[in-house]
Amino acid sequence: MNKDLDTALVWFRRDLRADDQAALYHALRHARRVWCAFIFDTELLAGLPRQDRRVEFIRDSLIGLDAQLRALGASHGTEHSGLIVRHGHGADEIVRLARQLHVQAVYLNHDDDPAALARDARVRGALAQDGIALHASKDHLVFERNEVLSGAGTPYSVFTPYFNAWLKKLDDYYLSAYPVARHAASLAPVPDDLRQPVPSLEALGFETTNLHQLKLPTGPAGGQALLEEFLAERIDRYDATRDFPAVKGPSYLGTHLRFGTVSVRQLAREAWRRTQAGSSGARVWLSELAWRDFFQQILFHHPRIVEHAYRPEFDHVKWEKGKHADALFAAWCEGRTGYPLVDAAMLQLAQSGYQHGRLRMVTASFLVKDLGLDYRRGERWFALKLNDYELASNNGNWQWAAGTGCDPQPWFRIFNPVSQSKKFDPQGRFIRRYLPQLAKLPDDLIHAPWLAKPVDLEAAGIELGVDYPLPIVDHEEARQKTLARFEVVKEAKAAKAAARAAKKALAAGVD
Ligand SMILES: Cc1cc2nc3c(=O)[nH]c(=O)nc-3n(C[C@H](O)[C@H](O)[C@H](O)COP(=O)(O)OP(=O)(O)OC[C@H]3O[C@@H](n4cnc5c(N)ncnc54)[C@H](O)[C@@H]3O)c2cc1C
């Protein structure tokens, strides 16, 4: 194919792989010489704690990406075709680099988080001043933005019809991989003055975490290893196992999806193939990938949800505030609520940056409906701690749990943390893993130790309030308080309906 450009630069951000990568493919297809860059963005890094598993994950993954790019270049006889890595203000650095390399175009993949959209718009403007084009592609979702709309041409706000339309649209075109390797002859050697190894964590101002003690392999190779294991061992039983935190059921691919070290098209292709062959596990797993798309398009169409409830009437809810609320929040964060499943889940998050999907629902519900705290506090805590943190999925799911979102769990449906524990961790295997002090309690008592007789507690070697906290709230009392707290929603809804009726009457000229 005749190339229409001489030079181009690919800006990697949340797409840290060289295979099936949309921006890289388009750049290689259109330009004779292509460079690849990643920028450790000081603006983003500044807000993070100095020990952050995600920074370490990215840093390690860049080494894998650099190796992939070198190997691709080498397969076409090009030496030193690796990744250019910079550390600075993201938007400024990429423009500087584009100028320094005298490229005609910059290629990148969409990032639809509102702050990223604003940044990319600034970059586009700055590049345009130098006559450099910016080309952006979809890469990290199966369907994005306006690709799945209702018959009326509007975005969906309920998942089931969205998923039906999503499935209907799914075909080989959307699932096929970008054949990057076919065009890799365009990868250019990195100029000597830009050739530097990926900076160390220390050079970036960060410290080593326990990432390598976790079973979370990094980089594109790590993503493939996890995927292969999941496909070979678990996907077909995903529907039956996904709710049980003591069981190795899910894929653990969230962090790889977040940073694009795996291609979502590859995942969806594998799940779709198995779905068509009759695997119910694969179908449910495919629907999880669609949830991810769903929440991302919700955020794209309603960026106000970053700060506000999706349903405006829920902005009237008065959450607990003050010292006592702060103490409840600290107990939740630190796994000291006295509810073993909630505490074990919060310790899992603190120790690994992962929390099992079912437990995210339990801990989120507990924060909002048992502690009466603003869901945004929990959302921010997860944003700080989750390795797979995604603004759209985190916000969407928190609002789902709080009952404030699109297609939410109804606000009056309140999870009972003890029933959830009995149902999804019946033998307390997960609880025992994170709360060894409760290990000797029998299965039927481990879910609510405060109900155990003194003799049972003594036999298990537990003094409540010393070895393990007493519950910080009474679930039944909390439930009643929550139902009362949310009454305001009904009032706000009724007031809105009355205002609408009055407006209609006025328009019709009725007194
Ligand atoms: C309160 C709360 C907060 C959450 N925050 C996040 C978050 O910040 N980032 C995130 O990726 N997921 C989030 N989830 C969704 C879900 O819990 C995780 O994606 C999943 O548990 C990650 O584990 P896994 O990679 O083994 O996923 P699997 O169960 O193997 O699922 C595969 C992939 O599908 C996607 N997925 C699964 N469930 C959902 C869902 N409900 N919504 C959106 N995508 C989903 C994820 O990308 C996930 O990696 C949250 C859920 C809740 C209830």
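Which segment is Asn 2 found in?

**View 1. Asn 2 and its place in the chain.** Asn 2 sits in the segment before strand S1 (5–12); strands (E, at least two residues) and helices (H or I, at least four) are DSSP runs, numbered from the N terminus. This is a predicted model, in which local features need pLDDT of at least 70 and side-chain atom pairs count only at pLDDT 80 or more, while totals for chains, interfaces and linings use all residues. Residues are numbered from 1 along each chain as its sequence is written, and side-chain values use heavy atoms, leaving out hydrogens and water. With 72% relative accessibility, Asn 2 counts as exposed (over 50% relative accessible area; buried is under 20% and partly exposed in between, with a 1.4 Å probe and protein chains only). Its C-alpha atom is 8.9 Å from that of Arg 29, 27 residues apart along the chain.

View 2. In H22 (residues 475–485), the buried residues are His 475, Ala 478, Thr 482 and Arg 485. Seen down the axis, these buried residues fall within an arc of 80°, so they line one face of the helix; the arc is that of the directions from the helix axis to the C-beta atoms. An α-helix has 3.6 residues a turn, so residues three or four places apart point the same way. On the other side of H22, look for Glu 477 and Ala 484, which are exposed.

**View 3. The start of H22.** Asp 474 caps the N-terminal end of H22. One of its side-chain oxygens lies 3.2 Å from the backbone nitrogen of Glu 476.

Note on methods. Polar contact = N/O pair within 3.5 Å; in protein donor to acceptor, adjacent residues only side chain to side chain.
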